[in-house]
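Please look through the structure below before reading on, and keep it in view as you follow the explanation.

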Number of protein chains: 2
Amino acid sequence: METMEPTRKEPSQHEIAARAGVARTTVSLVMRGGAGLKQETIDKVHKAAEELGYRPNLMATMTRSGKSRMVGVMVPPIDSYWARIACGIHDYLTEQKYIPLFLWPSHMFEDLDEHRELDQVHLMLDCRIGGVILWPYFAKMFEKHIHEFSSRSLPVVTVDCSIEQAGVNADSVLGDNRTGAKAVAKHFKELGHKNIIHFAGPDSEDWARDRREAFEEEVDCLTVEVDIRPRLDPIMKTTLEAHPETTAVFAATDVFARDVYRVAAELGRRIPDDLSVVGYSDLDFGEYLNPPLTTVHDNPYNMGKRAASLIVHRMEGNAEDDPTVQLLPVQLLQRGSTKSIV
Amino acid sequence: METMEPTRKEPSQHEIAARAGVARTTVSLVMRGGAGLKQETIDKVHKAAEELGYRPNLMATMTRSGKSRMVGVMVPPIDSYWARIACGIHDYLTEQKYIPLFLWPSHMFEDLDEHRELDQVHLMLDCRIGGVILWPYFAKMFEKHIHEFSSRSLPVVTVDCSIEQAGVNADSVLGDNRTGAKAVAKHFKELGHKNIIHFAGPDSEDWARDRREAFEEEVDCLTVEVDIRPRLDPIMKTTLEAHPETTAVFAATDVFARDVYRVAAELGRRIPDDLSVVGYSDLDFGEYLNPPLTTVHDNPYNMGKRAASLIVHRMEGNAEDDPTVQLLPVQLLQRGSTKSIV
DNA sequence: ATGAAAGCGCTAACAG
DNA sequence: CTGTTAGCGCTTTCAT
């Protein structure tokens with residue numbers, strides 16, 4: 001029996017044991033710290049391992065111990081914001097010797113069939129992840145995903161949204177959207193702006209609703225256009241034309257703000273002289289716009305790190321704690337797109 | 001013995017066997033297609049599996065069979081170009097039921113200590129990847145990485161560069177840089193440009209050298225500035241001022257082109273009226289520049305797919321074939337930053 | 001057509 | 001302190 005040629009033959013603890021003249025078990029002990037073994041034995045084993053170029057087999061370790069070090073990470077490569085979140089997750093996890101399993105719905109931007117989207121979830125399950133970090137922003141089947149995980153009582157951490165669903169208790173990490181929006185409002189006030197438009201995201205999304213509500217608590221807007229995404233340019237143009245007295249625009253994301261630049265140019269309104277513009281998220285293109293975009297930086301890298309540390313905490317046995325919501329501090333980045341009118 | 005509480009208790013083939021009233025082995029057979037089993041048995045097993053919510057344990061499968069379905073992928077989240085490559089790799093691999101293991105040097109942009117960079121390589125090895133896809137663009141220790149893999153005779157595919165190193169035979173996937181650069185040259189000629197500057201990348205990088213050489217074969221440049229990255233803006237400014245007769249600039253990447261826009265604005269030269277500009281790579285910000293940037297589209301998504309298909313091919317047993325270099329077609333994207341001067 | 005036996009590389013209880 | 005024993009969940013050979 002045992003014939004099929006394997007992909008490769010790496011040295012195992014068996015070979016080390018033979019070479020060092022100890023039992024297989026002893027090698028195992030040494031590899032995990034070797035508490036209470038004779039220094040001589042430890043050295044012998046390490047030497048043999050070194051000579052053989054030994055690398056532990058994490059698959060086997062995980063199988064045997066029943067302890068997963070795999071963390072499912074479902075955050076698709078959308079833009080620089082995502083990239084920073086992903087880096088935060090990656091850096092924290094690998095530092096702790098956990099393994100991020102980055103998987104997301106394929107063909108995100110095409111019309112996705114549900115079948116394929118669930119496949120990625122199953123792939124994670126089949127890799128026996130011990131927890132999962134989700135960025136629901138995109139996921140058409142978010143509820144189904146969540147259920148798939150929490151029904152197996154896998155810990156879940158969400159980034160950039162909090163989740164309230166029956167039977168699900170997930171931790172979440174968010175930028176402090178309310179404070180960010182208020183900082184924008186305050187900034188406008190200080191600059192003397194009174195005629196302000198807010199282009200908001202869909203109210204169904206936490207980040208969009210929080211920003212809109214907090215902003216409206218601070219200032220009276222001429223108008224607030226909610227969920228402009230389906231027909232971006234036309235709505236912006238119409239709205240701006242309908243309110244020629246507008247001196248300031250708060251765009252719910254930098255992506256919207258970029259379009260405001262374009263539309264403003266078409267309408268012959270100069271930024272910041274005729275129109276002050278503020279975005280949100282500090283996406284990479286913002287500082288290269290002309291003028292550079294004033295925006296709210298909300299620390300996606302740290303969001304990633306925090307999300308990772310939360311999931312690790314759960315995986316290390318604190319599964320029963322109450323779910324937390326972590327709000328990360330934000331920071332207004334004043335650049336060239338806003339100007340005083342007093 | 002066997003006490004430590006495992007992370008979770010998923011149903012195994014053992015439970016299925018018990019519930020379906022067959023042997024453990026039979027379940028295993030069914031799970032891999034069940035060739036030559038009675039249909040009745042197959043159905044019984046599937047039913048039991050379904051009822052238990054069974055999911056196969058890939059870790060165990062891989063451990064036992066000695067066949068890895070893990071593919072190391074070392075392409076860090078730099079920009080939209082990378083994101084498309086990553087998506088291509090991800091989509092192809094998951095479709096084939098392979099698992100991409102995205103890992104990259106942490107703290108890429110900080111001063112990285114070698115130690116941490118090798119850690120990620122070791123993590124891949126410890127996961128018993130069966131092959132690896134590398135994007136060397138960033139890696140300070142690229143040679144060491146390659147060696148770590150190829151000394152274990154793991155197949156390697158490089159993206160966006162070809163590798164020539166003793167004892168290493170890696171496949172590679174590249175955009176057709178020479179053809180791309182010539183297309184730019186041809187475009188300039190058709191528009192009547194004769195006084196052209198090329199801002200090139202470092203000659204040590206394949207993509208940069210290929211673009212520069214091919215471009216210079218087609219047109220006479222006023223000047224070619226090589227490897228401007230260390231002091232981007234000053235060099236551009238000086239060069240542009242030293243050659244006031246310049247009517248066209250070919251920037252080796254869109255990133256350079258973006259800076260050309262800024263410098264041109266400072267010098268009071270309007271694009272495209274006074275200066276035609278072409279970039280390379282079709283990064284996401286290009287179409288939002290004012291005017292939208294003419295550039296060369298390179299098909300990073302397909303590069304990713306091809307890289308993935310190459311590595312799968314190797315992993316499925318064609319380890320001995322000669323290394324291939326795959327050149328992907330490119331396409332000039334004419335937008336608003338170039339103009340005829342005849 | 002199915003099952004028994006053997007074992008991948010590893011861990012964890014226990015004994016000596 | 002070290003080695004023995006008994007597995008994790010799975011595959012593969014071989015016997016029935």
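How far does a backbone N or O atom of B:Asn57 lie from a phosphate oxygen of DNA strand D? In this predicted model, the distance is 3.1 Å, and the protein atom concerned belongs to the backbone of B:Asn57. B:Ser28 also approaches a phosphate oxygen of DNA strand D, but here an N or O atom of the side chain is involved, at 2.8 Å. B:Thr61, in turn, places a polar side-chain atom 3.4 Å from a sugar or linking oxygen of DNA strand D.

Taken as a whole, the surroundings of DNA strand D comprise 28 residues, and the closest are A:Thr25, A:Thr41, A:Arg64, B:Arg32 and B:Arg64. Of the atoms of DNA strand D that come within 4 Å of the protein, 63% belong to sugar and phosphate. The residues of this surface can be sorted into nine nonpolar, 12 polar and seven charged.

Turning to another part of chain B, we come to helix H5 (residues 80-95), whose 16 residues should span 22 Å because each residue contributes 1.5 Å, and this agrees with its end C-alpha atoms being 22 Å apart. H5(B) is mostly covered, since 13 of its 16 residues are buried. At its N-terminal end, H5(B) is capped by B:Asp79, a side-chain oxygen of which lies 2.9 Å from the backbone nitrogen of B:Tyr81. After H5(B) comes B:Lys97, which has a positive phi, near 60°.

Definitions and conventions:
Residues numbered from 1 in each chain as written. Chains lettered and ligands numbered in written order. Predicted model: local features only at pLDDT ≥ 70, side-chain atom pairs only at ≥ 80, totals over all residues. Heavy atoms only, no water. Near = heavy atom within 4 Å. Polar contact = N/O pair within 3.5 Å; in protein donor to acceptor, adjacent residues only side chain to side chain. Nonpolar A, V, L, I, M, F, W, Y, C, P; charged D, E, K, R; others polar. Helix = DSSP H or I, 4+ residues; strand = E, 2+ residues; numbered from the N terminus. Expected span 1.5 Å × (residues − 1). Buried < 20%, exposed > 50% of the residue type's maximum accessible area, 1.4 Å probe, protein only.
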